[in-house]
Amino acid sequence: MPLLSVEHLDVTYGAIRAVRDVSLSVEPGEIVAILGANGAGKSSTLNAIMGLAPKTGGRVVFDGDEVQGLGPERIVRRGMTLTPEGRRIFPKLTVEENLTLGAIPLRDRSHAAGLRAGMFERFPILRQRRAQAAGTLSGGEQQQLAIARSLMCEPRLLMLDEPSLGLAPRFVDLIFDLLVALRGDGVTILLVEQNVDRTLSIGDRGYVLASGELRLSGSADDLRRSTGVERAYLGIGAD
Amino acid sequence: MDLVAQQFINALSLGGIYALLALGLAIVFSVMGMVNWAHGEIMTLSGYAMWMVTSQLHAPIVVTFLVAVGTGLVAALAMERIAFRPVRGSSQVTMMFTSFALSITLQVIFQDLISPRPRGVQLPAALSQVIPVFGLRIGIIQVTAFILVLLSLGLLTLFLRRTTIGISMRAASEDFVVARLMGIRADAVIAVAFAISGILAGVAGFLWVAQHGSVQPTTGLTPVIKAFIAAVFGGFGSLPGAVLGGFVLGFIEIMLQAWLPQAALPYTDALSVGIVILILLWRPNGLLGTVTDRA
């Protein structure tokens with residue numbers, strides 16, 4: 001049974017249909033990528049799954065249960081979360097406070113301190129900066145904080161929206177290595193990324209969106225060999 | 001010198017009340033994007049509760065204080081649940097008119113059910129005495145006011161820094177959407193914001209009514225307008241700004257009252273607001289203002 005299954009998803013903002021009839025699934029332990037050009041509907045898809053964007057059609061089933069009509073604060077308690085585009089850390093709060101908030105969805109918050117210690121182990125820079133306002137961190141450090149904050153609720157499915165966007169190369173390496181390590185720890189990952197080559201090199205499978213519709217899907221190896229990905233980015237559409 | 005020190009205490013006392021009210025407005029605004037114009041009526045309700053327990057039950061002063069604060073808390077929570085939750089997420093104009101309507105409705109209810117005329121609130125005579133401190137004559141009520149204001153600000157700071165719900169509220173005021181993504185419940189954060197604003201308005205109402213000795217349907221009107229000016233002046237959206245704005249406005253008013261010639265006294269408010277406008281021309285976002293994207 002897939003951990004996440006999205007069936008015939010539509011997302012509409014006013015008169016604009018951002019996503020039309022998109023279906024996809026994520027199996028436990030996979031890294032699945034959603035690829036496509038700007039405005040293809042990738043972020044809208046993730047946001048709709050998480051309850052942040054209006055689902056106007058279709059179903060989202062997580063771990064066998066439909067999450068239809070739930071707000072993000074309820075969906076996150078089911079065990080999936082999103083590291084949003086642009087990091088969206090709380091800039092005036094300290095690093096430590098940002099992490100504390102990440103643990104709110106946990107049923108039992110008594111081991112939140114232990115989880116935080118684990119994050120400091122995994123992201124040593126955050127330990128150094130723990131008492132600093134998060135807004136004073138560099139872009140790469142903020143992205144580490146955003147991911148660590150997401151991990152504080154021990155998600156079974158972690159969705160990430162453009163985690164490497166705008167980062168210095170050494171941070172891009174760090175983020176992709178981290179995703180591989182997380183999969184090793186049993187976290188399933190659904191990833192939206194502009195960096196197609198890197199994403200397909202670590203990913204198991206991928207979906208390609210163009211103009212809000214699903215154009216192509218397959219294993220990461222097949223997608224790398226296909227010309228359809230480039231065609232989707234150029235807006236020609238796959239055949 | 002004597003006079004300066006006494007006016008200084010008066011300014012701290014009046015500014016403290018403005019600060020508490022401005023803080024209440026700012027906290028609700030920071031999580032909901034709404035200015036609650038009915039905030040003053042929470043004060044008025046606390047005042048009427050004081051009138052009832054003092055005139056009917058001859059309650060001791062501590063009980064009167066607790067009743068005032070409790071009334072503020074309950075009134076604010078009821079307002080949120082009954083009037084503001086249905087319009088949450090609506091346009092700013094809709095929320096503004098809702099709070100205006102609530103404010104005027106409550107004032108009319110006070111007029112019709114209680115009285116359009118002031119009701120006297122008798123507090124122990126000890127409160128209105130003056131005590132000599134280092135040769136100065138200091139009013140007990142002014143000192144009490146300042147201590148209560150400091151205590152409220154201290155407790156609120158602890159709450160916002162040390163508790164998970166307090167940290168959640170600060171997060172929600174920075175980015176409400178991502179706060180929900182963290183599992184923070186919108187209903188809870190907004191209810192707590194109103195609860196805090198109600199407690200602060202209850203404390204402010206207690207001090208205001210204790211100093212004026214009476215409560216009437218429009219008791220909350222002037223203070224809430226002053227508090228709004230203070231919050232804008234300090235930098236809307238900034239909680240320290242609201243506190244600073246409240247104290248500075250209190251100082252400006254007291255200083256004008258103390259040193260303006262007799263003939264100019266009716267223009268105290270016009271002059272104090274004029275000074276605020278001048279300062280805002282120099283700092284358009286307020287004293288500690290950062291631009292908020294809700295504003």
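Predicted model: local features only at pLDDT ≥ 70, side-chain atom pairs only at ≥ 80, totals over all residues.
**Stop 1: chain B as a whole**

Select chain B and look at its secondary structure, which comprises 11 helices and 4 strands. Its C-alpha trace spans about 60 × 50 × 35 Å along the principal axes. A compact globule of 295 residues would have a radius of gyration near 19 Å, and the 19 Å of chain B agrees with that. Of the 295 residues in chain B, 48% are buried. Now consider contacts between residues at least 6 apart in the sequence of chain B: 76% of them join residues at least 24 apart.

**Stop 2: the nonpolar core**

In soluble globular proteins, nonpolar side chains tend to be buried together. Here the largest nonpolar core has 154 residues. Select Ala22(B) and Ala193(B), the residues with the most contacts inside this core. Then select helix α1 of chain B, residues 2–32, which supplies the largest share of the core with 17 residues.

Keep Ala193(B) selected. Which residues does Ala193(B) contact, leaving aside neighbours within four places in sequence? They are Ile27(B), Val28(B), Val31(B), Met32(B) and Met169(B).

**Stop 3: where the chains meet**

Show both chains. Here 15 residues of chain B are in contact with 21 residues of chain A. On the chain B side, the elements that give two or more residues are α6 (164–174) and α7 (176–181). Helix α6(B) gives the most, with 6 residues. Sorted by class, the chain B side has 7 nonpolar, 3 polar and 5 charged residues.

Within helix α6 of chain B, select Thr164(B). Not counting residues up to four places away in sequence, Thr164(B) touches Thr100(A) and Ile104(A). Is Thr164(B) buried or partly exposed? Thr164(B) has 15 C-beta neighbours inside 10 Å, so this residue counts as partly exposed.

**Stop 4: the open sheet of chain A**

Chain A has an open sheet of 6 strands in the order β6-β7-β8-β3-β9-β10, with mixed pairing. Select β6 (80–83) and β10 (213–219) of chain A at the edges; each has a single partner strand, so one side of each is left without a neighbour in the sheet. From one strand to the next, the twist averages 15°.

Next select β3 (residues 31–36) and β8 (residues 188–192) of chain A, which run parallel and are joined by 4 bridges. Ala33(A) stands opposite Leu191(A) of β8(A).

Helix α7(A), residues 169–184, lies across β3, β7 and β8 of chain A and runs at about 150° to β8(A).

**Stop 5: a hairpin in chain A**

Select β1 (residues 4–13) and β2 (residues 16–26) of chain A, an antiparallel pair joined by 7 bridges. Leu4(A) has Val26(A) as its bridge partner in β2(A). The two strands form a hairpin with 2 residues between them, and Gly14(A) in the turn has a positive phi of about 60°.

Val11(A) has Lys55(A) as its bridge partner in β4(A).

Notes: Residues numbered from 1 in each chain as written. Chains lettered and ligands numbered in written order. Contact = placed C-beta atoms within 7 Å. Nonpolar A, V, L, I, M, F, W, Y, C, P; charged D, E, K, R; others polar. Buried ≥ 20, exposed ≤ 12 C-beta atoms within 10 Å, placed from the backbone. Pairing = 2+ DSSP bridges. Axes fitted to C-alpha atoms, helices over the stretch in contact; angles between N-to-C directions. Core = buried A, V, L, I, M, F, W, Y, C linked by C-beta atoms within 7 Å. Rg over C-alpha atoms; globule rule 2.2 N^0.38 Å.
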